[in-house]
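Subject: Structure for your review

Dear colleague,

Please find below the structure that I am handing over to you. I would ask you to look through it first and then to read the notes that follow.

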Amino acid sequence: MDGNVHPHDAWSRALFKQFKDAGVKLFSYIPDAGNARLVELADADNETRTVLLTTEEEGVSLAAGADLVGEKAVLMMQSSGVGNCPNFLSFVKGGNFPILMFVSMRGDYGEQNPWQFPMGEAVEPILKAMGVLVFKVERADELEGAATAALDTAFKAGKSAALVLSQKFLGAKGF
Amino acid sequence: MTEVTLNRIGALPQIFPNPDDYLFVTGLAGPARDAAALTNDGANMFTMAGCMGAAMTMGLGMALGAPDRDVVVIAGDGEMMMNIGSLATIASQAPKNLTVVCVDNGGHGETGGQDGHTSVRTDLAKVADGFGIQNILTVSTEAGLKDAAAFVKSGDGPRFLWLRVMAGEPTKFKRNMNPAECRVRFKTAFQAA
């Protein structure tokens, strides 16, 4: 691999194009290795805007506010951040707000940090409990289809969706 | 800090005499009732009765998504404190069309009037300044409402208006608390405008 190219460059470019083609304008985030390249691409593009949050739940309400004025947002976070979101995900079940989430996993395939497992294992039960459909990606050839499904679920069907990228896809961090 | 003599009842209509000019979002409890009375639960306002702490970034999402509209957040001090970091998120984005109004009664009126941090030591104007909000005004008297009305129309946002009010009942007003209905109501009116 070329040492100057971000390790997540190729799929991040493809996914950013899918988000942009679907009309996503706001990319809110708490930084993670899994969303770093996406944030750079959204920053560099004149038609999209990144919003650095202080806690992931802010991105849920940011997306709900954008929806009220007809704008589309994606909320990007590491899996641990899903634990900061449930109360605000009341917008989903109570209000039918379409929230699109992008979750890069820790605490699953190949994890070496024991602190990551509790939230890693809780991601899908939490999202399910709050009415967010999960589209999980474990292999590179699954990403495009899962992203299309998540985007259509959120912005065509109006049902909240999370695109969840496993460490099997992303690669596990060494300690 | 100066003595607080401002009565919350009737304060918002003096600050926003033309409420149809704005898009509003409110947090929960008393400030939502004060605000709903201001617009008669109008379609240009989304009020909450849950998701405590969500109002500030919901307003930011509206302001970034509708840059040619003036967006106002109305939130209590408890709502502000629950997600005080939102002021940093707002300051970094620096939307010129966003005003945050904190109706601060110094406590948790909805649950029995228990003291909040602003009745102890927390100074929200210093907090907002520290987070990087450029335009800040504190009002705690009836006479200050004229300044508040001028402040929300002057210069560029983001603005932070710290409205310190006496403890006491909020405006008596019953609003629609079904979020799905209110979402559709707001979106429909926004698209038609």
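**Chain B as a whole**

The secondary structure of chain B consists of eight helices and eight strands. Its radius of gyration is 15 Å, close to the 16 Å given by the globule rule for 193 residues, so chain B is as compact as a globular protein of that length. Please keep in mind that this is a predicted model.

Taken along the principal axes, the box filled by the C-alpha atoms of chain B is roughly 45 × 35 × 30 Å. Of the 193 residues in this chain, 47% count as buried; a residue counts as buried if 20 or more other C-beta atoms lie within 10 Å of its own. Among the contacts in chain B with a separation of 6 or more, 72% are made by residues 24 or more positions apart.

**The sheet of chain B**

In chain B, six strands form an open sheet, and the pairing is parallel. Read across the sheet, the order is E2-E1-E3-E4-E8-E7. The edges are formed by strand E2 (45-47) and strand E7 (135-139) of chain B, each of which pairs on one side only. From one strand to the next, the twist averages 15°.

One pairing may be followed in detail. Strand E4 (residues 98-104) and strand E8 (residues 159-164) of chain B run parallel and are joined by six bridges. Within this pairing, Thr99(B) has Arg159(B) in E8(B) as its bridge partner.

A helix also belongs to this picture. Helix H6 (residues 124-131) of chain B lies across E4, E7 and E8 of that chain. The direction of helix H6 is at about 180° to E7(B).

**The sheet of chain A**

Chain A has an open sheet formed by six strands, with parallel pairing, in the order E2-E1-E3-E4-E6-E5. Its edge strands are E2 (49-52) and E5 (133-137) of chain A, and each pairs on one side only. Here the twist from one strand to the next averages 20°.

Which strand of chain A pairs with strand E3 (residues 72-78) over five bridges? The partner is strand E4 (residues 100-104) of chain A, and the two pair in the parallel sense. Met77(A) stands opposite Val103(A) in E4(A).

Yours sincerely,
A colleague

Notes: Residues are numbered from 1 along each chain as its sequence is written. Chains are lettered from A and ligands numbered from 1 in the order in which they are written. This is a predicted model: local features need pLDDT of at least 70, side-chain atom pairs count only at pLDDT 80 or more; totals for chains, interfaces and linings use all residues. Two strands pair if DSSP finds at least two bridges between them. Helices (H or I, at least four residues) and strands (E, at least two) are DSSP runs, numbered from the N terminus. Axes are lines fitted to C-alpha atoms, for helices over the stretch in contact, and angles run from 0 to 180 degrees between N-to-C directions. Two residues are in contact if their C-beta atoms, placed from the backbone, lie within 7 Å. The radius of gyration is taken over C-alpha atoms; the globule rule is 2.2 Å times the number of residues to the power 0.38. A residue is buried if 20 or more other C-beta atoms lie within 10 Å of its own, exposed if 12 or fewer, and partly exposed in between; C-beta atoms are placed from the backbone.
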